[in-house]
Amino acid sequence: MKKFISILALMFALLMILPMTVGAFNSYQTYTNSIEGVALYSPDAYVPINTYNSAYMGVEKALSDPYDLFVDGEMNVYIADAGNNAVIVLDRYYKHKFTLTSFTNEIGAPDSFTSPRGVYVTDDKIDGYGNLVEEGKIYVCDTQNYRLVVFSRSGEFLYVLDAPESELFEENSIYYPIAVAVDKFGRIFVVSSQTTQGIIVLTSDGTFTGFIGAPTVSISAWDIIWKRFQTDAQKKLSSRFVPVTFNNITVDEDGFVYATSDKIEAGKIESAIRSKSIAGADSPVKMLNAAGDEIMNRNGFFPPLGEIDYMMSSTNSGDITGVSTIGDVALGEAKTWSITDTKRSKIYTYDTQGNLLFAFGDKGSLQLGNIGTLKAIAYQGDKLLALDSGSSKSITVYERTEYGDILIGAVSDQLNREYDRAQTNWTEILKRNSNFDAAYIGIGQALYRSGKYQAAMDYFEAAYDTENWSLAYSEMRKLNIEKIFLLIPVVIVALIVGLSFLLKKINRINVRAATSGEKITFGKELLFGFHVIMHPFDGFWDLKKEKRGSLRAALVFLGITVLTFFYQAIGQGYLFNPTGKYSTIFAQLVGVCMPILLFVIANWCLTTLFEGEGSFKDIFIATCYSLVPLPLLLIPSTIASNMVNINEQDIVTLLVSLAFIWAGFLIFFGTMVTHDYSLGKNVIMIVCSIVGMAFIMFVALLFTTLLGKIVGFVTNIITELAYRM
């Protein structure tokens with residue numbers, strides 16, 4: 001026993017002294033999203049290496065309310081501390097260099113900041129000979145003094161840019177700068193939290209030139225109508241419909257502006273996620289050109305809005321629901337960019353196409369890598385800095401992993417059209433993360449440019465990339481058509497001639513059956529369906545009065561329709577079913593027969609009370625004969641869905657729409673002729689039949705629920721009696 005205890009003690013001691021990797025105690029899980037919005041776990045692209053607080057930095061005053069974070073071209077770090085009315089400058093190792101807090105302004109008077117909330121630093125401009133053309137500047141949003149203050153990179157005060165003046169500003173508008181960015185041309189972009197017209201654009205000397213990216217505002221039709229009936233007093237008391245404001249901003253090397261807003265209505269973001277909308281009007285993050293046009297690519301499975309599974313997101317602080325609250329945006333290598341979710345303390349990184357590369361982070365303060373209150377982020381080479389304005393008041397530094405290096409390398413190679421190198425990197429990514437769809441797309445694009453279209457299509461299919469799949473398919477189809485080019489006209493002519501002959505033959509049989517007085521066989525009953533769909537008034541009259549149709553033929557048409565929908569479900573081309581969803585014959589049987597029976601029952605019940613001449617059998621037969629256009633058009637459309645590219649999808653959609661419209665008109669006119677109703681009366685009865693279908697479903701559901709409760713009650717009584725006897 002003593003020997004066993006000694007062995008356990010030795011093992012415990014070894015565990016305590018042996019080094020352990022950071023990944024062994026990861027405080028978060030890195031992931032991407034599937035096409036269904038489910039999180040797919042992936043290797044870590046960034047891992048936390050340390051947290052640096054005020055004591056480590058060596059600042060005179062501990063951070064009080066750190067609000068913004070910036071890293072310049074020399075890797076120096078700038079923190080706007082609104083609580084201490086200061087901007088703290090750190091070197092690349094996060095040690096204190098100097099602090100901007102008080103200065104002597106242009107008129108020689110002492111001056112200082114009041115709650116600075118934004119900082120941006122421009123790099124030195126160097127000519128082709130290595131000579132300094134213009135020294136970089138530090139721009140500080142002196143928020144509660146309503147101005148920008150500009151310093152040299154060494155901390156020397158240069159000048160103040162006071163609040164811009166223009167008639168374009170709203171009356172009583174307050175200039176309240178909270179974020180600033182400067183492009184390579186010296187244009188200054190300012191976000192004012194009290195300005196709703198958009199981002200303020202200034203020249204390098206502070207002259208106002210206009211607004212860009214004004215967020216849109218939508219007013220419902222009901223609000224517009226209601227305002228017409230409001231009194232002047234009510235209009236004054238009602239809320240103003242003003243656009244939302246931005247909350248952060250940055251500029252890339254090409255002069256494009258990335259801006260975020262945390263004021264977008266949650267309902268609009270939820271709608272964008274559900275519909276996978278690529279529109280940017282109500283997006284919480286925008287990319288704007290110099291004219292203020294929204295140009296962000298949103299070609300991923302979901303728009304870049306942060307958390308997709310917003311209904312349930314587990315964190316160290318408990319379950320958090322609701323869409324992301326976007327707080328900051330930062331630009332990384334290979335034109336990647338990241339946004340923060342202040343609600344969950346998570347970071348989401350996207351490529352230029354809007355594909356989610358990885359998401360990581362978590363809320364908390366006890367584990368390395370967790371952030372209490374994620375205020376801002378900034379890239380420092382291959383490191384990512386996160387500013388925590390919560391209880392820790394610190395900077396957490398994340399270092400890019402080998403997986404992250406390969407991923408960024410692949411994105412960079414693809415951006416620079418180095419497709420062979422990109423393919424190699426994407427292959428390495430798949431070895432580490434088989435769930436990463438962007439890797440399949442990257443390899444597929446490399447194969448496409450190599451002329452290997454079928455192989456490229458396979459990779460695009462794995463990533464559900466219908467657009468690139470369509471391009472590869474178009475090229476492969478072109479090659480196949482070239483091989484059988486002379487045969488195509490022959491096949492088309494043969495199909496036209498054969499179809500024309502068949503229709504004429506069917507028409508002759510129907511005419512002979514109507515005039516010869518011979519017995520109507522089962523085959524003729526089936527062929528009469530073609531006469532009904534082309535001549536509905538005469539056809540439905542003969543169907544009822546002349547008994548040209550039958551119940552058995554109607555059941556055949558119903559069965560063919562069920563099989564048609566089953567074939568459509570399993571036989572559609574990749575563009576119409578990229579995820580490969582499968583349906584059973586039973587599901588199609590229920591999906592087709594249930595609405596038909598509900599309609600027939602509801603229509604019969606109502607028309608019996610309102611002088612309808614059709615019996616239950618007559619209505620059922622007429623309805624089933626009305627289904628004939630569905631197989632006639634849905635089967636060819638399903639075949640065609642395997643032959644079209646993404647630009648030709650409308651052809652298939654048109655055939656499907658035409659099939660349903662045609663069948664709908666036949667059902668309408670079939671009931672009208674069967675019951676000998678006028679057009680207006682038939683419209684009313686069709687509407688009432690639809691309402692009746694809903695009522696029958698409600699009663700059936702109520703009865704089923706009640707029956708279940710009765711069965712449960714009786715079962716409980718029997719069980720109780722069995723225990724007591």
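1. Is Lys383 buried, exposed or partly exposed? In this predicted model, Lys383 is partly exposed, because its relative accessible area is 22%, and a residue counts as buried under 20%. The side chain of Lys383 meets that of Asp382 in a salt bridge, with 3.9 Å from N to O. Asp382 also counts as partly exposed, because its relative accessibility is 31%.

2. The structure holds 28 salt bridges. Side chains of opposite charge can pair when their charged atoms come close. Another of these pairs is formed by the side chains of Arg400 and Asp405, with 2.7 Å from N to O. Its two partners fall into separate classes of accessibility: Arg400 is buried because its relative accessibility is 13%, whereas Asp405 is partly exposed, with a relative accessible area of 38%.

3. A further salt bridge joins the side chains of Glu307 and Lys346, where the N to O distance is 3.8 Å. This pair links distant parts of the chain, for the two residues are 39 residues apart, with Glu307 in the loop between strand S22 (285–288) and strand S23 (313–315) and Lys346 in strand S27 (residues 346–350). Glu307 counts as buried because its relative accessibility is 5%, and Lys346 is likewise buried, with a relative accessible area of 8%.

4. Salt bridges also occur as a network, in which Asp72, Glu74, Asp123, Asp124 and Arg153 are linked. The next residue to look at is Met75, which lies in the loop between strand S4 (66–71) and strand S5 (77–81). Met75 has a phi near 70°, a positive value in a residue other than glycine. Most residues other than glycine have a negative phi. Met75 counts as partly exposed because its relative accessibility is 22%.

5. Thr325 is found in the loop between strand S24 (318–320) and strand S25 (326–331). Leaving aside residues up to four places away in sequence, Thr325 touches Asp262, Thr340, Asp341, Thr342 and Lys343. Between the C-alpha atoms of Thr325 and Tyr348, which are 23 residues apart along the chain, the separation is 12 Å.

6. Which residues form the nonpolar patch on the surface? They are Ile481, Ile484, Phe485, Leu486, Leu487, Ile488, Val490, Val491, Ile492, Leu495 and Ile496, and together they have about 1100 Å² of accessible area. Helix H11 gives the most to this patch, with seven residues. Ile488, which is placed in helix H11, counts as partly exposed because its relative accessibility is 31%.

7. A patch of positive charge is also present on the surface, where Lys504, Lys505, Arg508 and Arg512 gather. Of these residues, Lys504 lies in helix H11, which covers residues 487–515, and this helix is also the one that gives the most to the nonpolar patch. Lys504 counts as exposed because its relative accessibility is 53%, and the exposed class begins over 50%.

8. In helix H13 (residues 536–545), the buried residues are Pro536, Gly539, Phe540, Asp542, Leu543 and Lys544. Their cover includes helix H12 (522–534), helix H16 (616–625) and helix H18 (649–675). H13 is followed by Lys547, where phi is positive, near 55°.

9. Finally, helix H17 (residues 629–641) contains Ile639. Ile639 is partly exposed, because its relative accessible area is 37%. The C-alpha atoms of Ile639 and Met476 are separated by 18 Å, while the two residues are 163 residues apart along the chain.

Technical notes. Residues numbered from 1 in each chain as written. Predicted model: local features only at pLDDT ≥ 70, side-chain atom pairs only at ≥ 80, totals over all residues. Heavy atoms only, no water. Patch = residues over 30% accessible without salt bridge, like charges linked within 9 Å, V, L, I, M, F, W, Y side chains within 5 Å. Areas by Shrake-Rupley, 256 points an atom, 1.4 Å probe, with all protein chains shown as cover. Salt bridge = Lys/Arg side-chain N within 4 Å of Asp/Glu carboxyl O. Lys, Arg positive; Asp, Glu negative; His and termini not counted. Charge placed at Lys NZ, Arg CZ, Asp CG, Glu CD. Helix = DSSP H or I, 4+ residues; strand = E, 2+ residues; numbered from the N terminus. Buried < 20%, exposed > 50% of the residue type's maximum accessible area, 1.4 Å probe, protein only. Contact = heavy atoms within 4.5 Å.
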